[in-house]
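Subject: Structure handover

Hi there,

Here is the structure I promised to pass on to you.

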Amino acid sequence: MEINTAFIQHLLDTKTEESTTLDYKRDFKMDKDFIPDITSLANTNGGLLIYGIDEERIGGKKTGKPGEIIGISFEKTLDELTMQIQQTLYSNTSPSFADLQIHLVDYYDKKILVIQIPKFYGGTIMSDGRVFKRRLKSKYMVTDANELQ
């Protein structure tokens, strides 16, 4: 799959909902949820984190469908941002994990950041001593040892 403007347009046109392999994020922040968001995808089936697209809301409740295109802004080059993300992941995951692809898509006058995360086949990736996976449209912390197999 090629990550480009046509791909983003397709997601919008078809109102593709969040799933175990797709998560929309309004803003790009490397906050406390950043690493668990990535590891939850890697520990499940892999997938895409898409920053700069807000979720549609009905009655104030998120629907999981793409809504307003917000775009993101950052002052680094794509190479600098990629290096920062990979270094953050590598030093905050066990086993160390930084195998992802980062795309910056020009969507008309907005920038959309897409992080493409492969499924991790070497067991499970821990973040801060915890394991995260995805179920339906969101991540969850694994508390049942049977899920780690």
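Lys133 has Tyr140 in S10 as its bridge partner. Strand S9 (residues 130-135) and S10 are antiparallel and share four bridges. Strands here are DSSP runs of E with at least two residues, and helices are runs of H or I with at least four residues, both numbered from the N terminus. Two strands count as paired if DSSP finds at least two bridges between them.

Before going further, a word on the source: this is a predicted model, in which local features need pLDDT of at least 70 and side-chain atom pairs count only at pLDDT 80 or more, while totals for chains, interfaces and linings use all residues. Residues are numbered from 1 along each chain as its sequence is written, and side-chain values use heavy atoms, with hydrogens and water left out.

The sheet and its helix

S9 and S10 belong to an open sheet of four strands, ordered S5-S8-S9-S10, with antiparallel pairing. Strand S5 (93-94) and S10 are the edge strands with a single partner each, so one side of each has no neighbour in the sheet. Helix H2 packs on this sheet and touches S5, strand S8 (126-127), S9 and S10. The direction of H2 makes about 65° with that of S9; contact means heavy atoms within 4.5 Å, and the angle is taken between N-to-C directions on a scale from 0 to 180 degrees, using axes fitted to C-alpha atoms, for helices over the stretch in contact.

Is H2 enclosed or open? H2 is largely enclosed by the rest of the structure, because 10 of its 10 residues are buried. Buried means under 20% relative accessible area, exposed means over 50%, and partly exposed is in between, with a 1.4 Å probe and protein chains only. Among the buried residues of H2 are Phe34, Ile38 and Leu41, and also Asp37 and Asn43.

The hairpins

S9 and S10 make a hairpin with two residues between them, and Leu136 in its turn has a positive phi of about 55°. S8 and S9 also form a hairpin with two residues between them. These two strands run antiparallel and are joined by two bridges, and Met126 has Val131 in S9 as its bridge partner. Asp128 counts as exposed because its relative accessibility is 65%.

Another hairpin is made by S6 and S7, again with two residues between the strands. Strand S6 (residues 101-107) and strand S7 (residues 110-117) run antiparallel and are joined by seven bridges; Gln101 stands opposite Gln116 in S7. Tyr108, in the loop between S6 and S7, is not a glycine but has a positive phi of about 55°. With 66% relative accessibility, Tyr108 counts as exposed.

One more backbone detail: Ser94 and Pro95 are joined by a cis peptide bond, with omega about -5°. Pro95 is in the loop between S5 and S6.

Val114 is placed in strand S7 and counts as buried, at 0% relative accessibility. What does Val114 contact, leaving aside its neighbours within four places in sequence? Its contacts include Ile3, Ile8, Leu48, Leu49 and Ile50, as well as Gln101, Ile102 and Val105. Val114 and Ile8 are 106 residues apart in sequence, yet their C-alpha atoms are 9.7 Å apart in space.

The largest pocket

The largest pocket has a volume of about 360 Å³. On a 1 Å grid over the protein atoms alone, a pocket is an open set of points with protein on both sides within 12 Å along at least five of seven lines, and lining residues have an atom within 4 Å of a point. Grid points are joined across faces, edges and corners, and the volume is the space filled by probe spheres set on the points, the probe being 1.4 Å.

The lining divides into four nonpolar, one polar and 16 charged residues. Here Asp, Glu, Lys and Arg count as charged, Ala, Val, Leu, Ile, Met, Phe, Trp, Tyr, Cys and Pro as nonpolar, and the others, Gly among them, as polar.

Best wishes
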